[in-house]
Amino acid sequence: MTAIEVLGQVLVFGVVLGGEYALAALGMGIAWGLMHVVNFAHGEWIMITMYTTLWLSLIFRIDPYLLIPINILIGLAIGFLSQRFVFAPMSKRGGGWQQTILATFGLSMLMTGLAQALWGQTIYTLPNPYVGTYLRIGFISIPEAHMFGFVISLVTILGIYFFLKKTLIGKAILGTSEVMGDEEAAKLMGIKTSNIKVLALGLSGAAAGIAGTVISTFYYINPGVGITWAALAFVIVILGGLGSFSGLFVSGMIIGVLEAVGNMLLGQAYGLVLVYAVFLFVLYVRPKGLKGRA
Amino acid sequence: MRARALNLKRLNSKQLEIIIAIFVLLIPALAFRLIGLNYAVYLLVLVALWAFLGQAWNICYGYAGVLSFGHAAFFGLGAYVSTILFLNYGLTPWIGMLIGGGFAALLGLFVGIPTIRLRGAYFALSTIAMAEIVRLLVLKLDFITAGASGLLLPANLSPLQLYFKDTFYWFLATLAILVALLIFSYKLEKSKLGKALRAMKENETAAASLGIYPLKYKIIALMISAFFTGIGGVFYAQYLGYIRPDFMLIPTLSDEILIVAILGGVGTLLGAVVGSLIFIVLRSVFLGLFGGGMMGSYLILYGALTIVVVMFLPEGIYPRLRKVVARIRSKT
């Protein structure tokens, strides 16, 4: 392979990976950008649905992608319950953003611990038909699992975007959100904002459920993976700017390309160092992200 | 002078509380030592060290409102710097810990300058990025750090090289640094810097209008906190006799430091001591009950503790304790 071919391969792979990263960050973007819940447990929500994908597809011998509806329901339930029983009581008590962060942080530890108690430290990989198969376009080849992941990610992000913009519930969520709307005004319009917040966190959980399904096809499954995905999601959400869907997608791709290029030039694992370093740099020069409004 | 030092009535309540805290830890340690219950002494070493770390964290969150989730980076950096200096150049960790703490403070400065002006959650998140960068670099720069396999200290060190054979002496050493930090914090609370930090935490805009430049003070608080956390790391490394990234630099360690501080009560002088006592006891009971087979499930305890404290005891246990004591005193 020539240098250009290698570079092309790495860039395309980075973009595809980045699309999946954007999906992993989508739920966090909804919770944080719309409801100001900085959710440390987002990675664990993804982790839980990775396990459900693993067990269900092994037990019933079905294609992991067919489990997406079930994982959406599981994610919805986790999001509903977390908002209803943890985050909402907290903001009712007048806890500031620190208290909310600490509570989601506690939730994240609790879920990791429960997963460890239930499933141990074993590192699982999901046997699925998309591993080791490649799509070839010219000299570029992309693993099928990543290609499907990329398409699902694109569809999900567009789907949620239009759900928020076009449906009545979606408009109510946007109206209640602190970034794009005004909670007091929404209340005066007769919107029951506490229910809307529960819905929005459910939506965030559902996005985590889809992300968990996609990620489980190419990444290892372990109780500790949550932090990896939460950290990436934080970077992407901040880089993209709170409340911006296109920003989320673009920044996901930037991070994906950075990691792929960094891994190629500097060696494995340095890619992530590069990602975090660029993240700190971006915070310095442009703290509101690429398209931030917050 | 002598009469003054002995006159308890001339001490104010906070000085008195520090002295009570010393005895609350020292007397059981002595008793356990005399009846030969070494495991209990070992737990008290952890109590003192975690109280030290919790109070160091408290200096940046409790006093300055700077929320960090990445203190493991300072802890691990201090330990690595001191251990590398000791192994390669024979520098005693007694001096190495100051250099290690200094490096941790420098890391605080480097991370603080670009990020500390960020509002809300952004800074908290960038501390996680910092901790991950440090952890990955320590893993990768294996020609100095030996990567994942870690560094081993030689056996048969002497007290001059910060090593004690007897757990009780370890307890005395950790108690000594804890007391030093408590006295430092007490002086800090009364100093101009401490008052500036308090004013800034109450109302940043008002403080700024009085000429308190918030970013400068926040960075100073972060650096002080990092310095002490680095020293704590050196003590832990010396106590264990080896260091590895998978327990010196992991997020779980940052979590433990944070839980100790919020459990006891942030922004208080002795909250971390109370928090550490409860935390270490709970953790060892939990490990005793469920340990072994359920590796890592102590995170259930950590998570549940954090949620319960944040939801039901946001001010922490120590202020509650003080209120109870005050009520009893007023009745008698």
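Analyst: B:A146 has 18 C-beta neighbours inside 10 Å, so B:A146 counts as partly exposed. The limits are 20 or more other C-beta atoms within 10 Å for a buried residue and 12 or fewer for an exposed one, with partly exposed in between; C-beta atoms are placed from the backbone. This is a predicted model, in which local features need pLDDT of at least 70 and side-chain atom pairs pLDDT 80 or more, while totals for chains, interfaces and linings use all residues. Residues are numbered from 1 along each chain as its sequence is written, and chains are lettered from A and ligands numbered from 1 in the order in which they are written.

The backbone at B:A146 has a positive phi of about 60 degrees, although B:A146 is not a glycine. Most residues other than glycine have a negative phi. B:A146 sits in a loop of chain B, between α7 (142–145) and β1 (151–152). Here helices are DSSP runs of H or I with at least four residues, strands are runs of E with at least two, and both are numbered from the N terminus.

B:L162 is another residue other than glycine with a positive phi, in this case near 55 degrees. The loop that holds B:L162 runs between β1 and α8 (167–190) of chain B. B:L162 has 23 other C-beta atoms within 10 Å and is therefore buried.

Positive phi values also turn up in chain A. In that chain A:R61 follows α2(A) and has a phi near 50 degrees. Of the 18 residues of α2(A), 13 are buried, which leaves this helix mostly covered. A:G138 has a positive phi near 65 degrees, in the hairpin of β1(A) and β2(A), where two residues lie between the strands. Strands β1 (residues 134–137) and β2 (residues 140–143) of chain A pair in the antiparallel sense over four bridges; pairing requires at least two DSSP bridges between two strands. Across this pairing A:I137 stands opposite A:I140 of β2(A).

The whole of chain A contains 11 helices and two strands. Read from the N terminus, its elements follow the order α-α-α-α-β-β-α-α-α-α-α-α-α. The C-alpha trace of chain A spans about 65 × 45 × 35 Å along its principal axes. Buried residues make up 52% of the 294 in chain A. Among contacts in chain A with a separation of 6 or more, 76% join residues 24 or more positions apart; a contact has C-beta atoms, placed from the backbone, within 7 Å.

Where the two chains touch, chain A contributes 37 residues and chain B contributes 35. On the chain A side, the elements that give two or more residues are α3 (68–92), α4 (97–119), α9 (226–240) and α11 (270–285). The most come from α4(A), with 16 residues.

The largest nonpolar core has 200 residues, and those touching the most other members are A:A25, A:I236, B:A48 and B:A221. Helix α3 (residues 38–63) of chain B supplies the largest share of this core, 17 residues. Such a core is a set of buried Ala, Val, Leu, Ile, Met, Phe, Trp, Tyr and Cys residues joined through C-beta atoms within 7 Å. Leaving aside neighbours within four places in sequence, B:A221 is in contact with B:I59, B:C60, B:Y63, B:A64, B:V66 and B:L197.
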